[in-house]
Amino acid sequence: MHWYVDALRKYATFGGRARRAEYWMFGLVNYAIGVVLLAAGAALDLGLPYSPFALFWLAMFLPALAVSVRRLHDTGRTGWWLLLGLIPVVGHFVLLVFHCTESRPGENEYGAAPKYIGAHV
């Protein structure tokens, strides 16, 4: 759960790096919360603009964008690679591969690798 809280603490921090665990746990917890809120909105028969899911999605858009940029930084890529998501199917697949890629060990232009901080390599 600390991965999710860490990502929220860096709400709009686009600099630095994010480990795979931070990125994927943030996505998983957001997905689970979204499913619950979607079901609650359907049960209460609220319109989409007022649904709890829409408000949650709006609140989580910026942190999700920031953690995604930091994840790309961890693989040695610039955040502008997120624009690949605008290409249907292929762009999302390439981004999936980038987000699954192992962190670059050591330091890169975006900072020290969070995975290896404090480790003796």
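Here are some notes on this predicted model, point by point.

1. Ground rules. The model is predicted, with local features needing pLDDT of at least 70 and side-chain atom pairs counting only at pLDDT 80 or more, while totals for chains, interfaces and linings use all residues. Residues are numbered from 1 along each chain as its sequence is written, and side-chain values use heavy atoms, with hydrogens and water left out.

2. Overall layout. The chain has four helices and two strands, in the order α-α-α-α-β-β along the sequence. Both kinds of element are DSSP runs numbered from the N terminus: helices are H or I with at least four residues, strands are E with at least two. The C-alpha trace spans about 55 × 35 × 20 Å along its principal axes.

3. Of the 121 residues, 29% count as buried. Buried means under 20% relative accessible area, exposed means over 50%, and partly exposed is in between, using a 1.4 Å probe and protein chains only. Take contacts (heavy atoms within 4.5 Å) between residues at least 6 apart in sequence: 65% of them join residues at least 24 apart.

4. The cores. A nonpolar core here is a set of buried Ala, Val, Leu, Ile, Met, Phe, Trp, Tyr and Cys residues joined through side-chain atoms within 4.5 Å. The largest one has nine residues: Tyr4, Ala7, Ala18, Tyr23, Phe26, Val29, Phe56, Met60 and Val67. Helix H1 (2-9), helix H2 (20-44) and helix H3 (52-74) are the elements that each give two or more residues to this core. There is also a second, separate core of five residues, with Val69, Leu72, Leu82 and Phe98 among them.

5. Phe26 up close. Which residues does phenylalanine 26 contact, leaving aside neighbours within four places in sequence? The list runs Tyr4, Ala7, Leu8, Met60, Pro63, Ala64 and Val67.

6. Aromatic pairs. The whole structure holds four of them. Rings of Phe, Tyr and Trp (its six-membered ring) pair if their centres lie within 6.5 Å; planes under 30 degrees apart are stacked, over 60 edge-to-face, and the rest tilted. Tyrosine 4 and phenylalanine 26 have ring centres 5.2 Å apart and planes at 25°, so that pair is stacked. Tyrosine 4 lies in helix H1 and phenylalanine 26 in helix H2, so the pair ties together parts 22 residues apart in sequence. Both tyrosine 4 and phenylalanine 26 are buried.

7. The other pair to look at. Tyrosine 23 and tryptophan 24 are edge-to-face, at 4.9 Å centre to centre and 85° between the planes. Tyrosine 23 is buried, at 17% relative accessible area, whereas tryptophan 24 is partly exposed at 35%.

8. A charge over a ring. The charged end of arginine 77 sits over the ring of phenylalanine 98, 3.7 Å from its centre. The test is that NZ of Lys or CZ of Arg is within 6 Å of the ring centre and within 35 degrees of the ring normal.

9. The largest pocket. Its volume is about 600 Å³, taken as the space filled by probe spheres set on grid points joined across faces, edges and corners. A pocket is an open set of points on a 1 Å grid over the protein atoms alone where a 1.4 Å probe fits, with protein on both sides within 12 Å along at least five of seven lines; lining residues have an atom within 4 Å of a point. Of the 22 lining residues, Tyr23, Gly27, Asn30, Ala64 and Leu65 are the closest to the centre. H2, H3 and helix H4 (90-100) each give two or more residues to the lining, and H3 gives the most, with nine.

10. A buried aspartate. Aspartate 74 lies in helix H3 and, at 0% relative accessibility, counts as buried. Not counting residues up to four places away in sequence, aspartate 74 touches Arg17, Ala18, Arg19, Ser103, Arg104, Asn108 and Pro114.

11. One backbone check. Valine 89 has phi near 60°, a positive value in a residue other than glycine. Valine 89 is in the loop between H3 and H4 and is exposed, with a relative accessible area of 67%.
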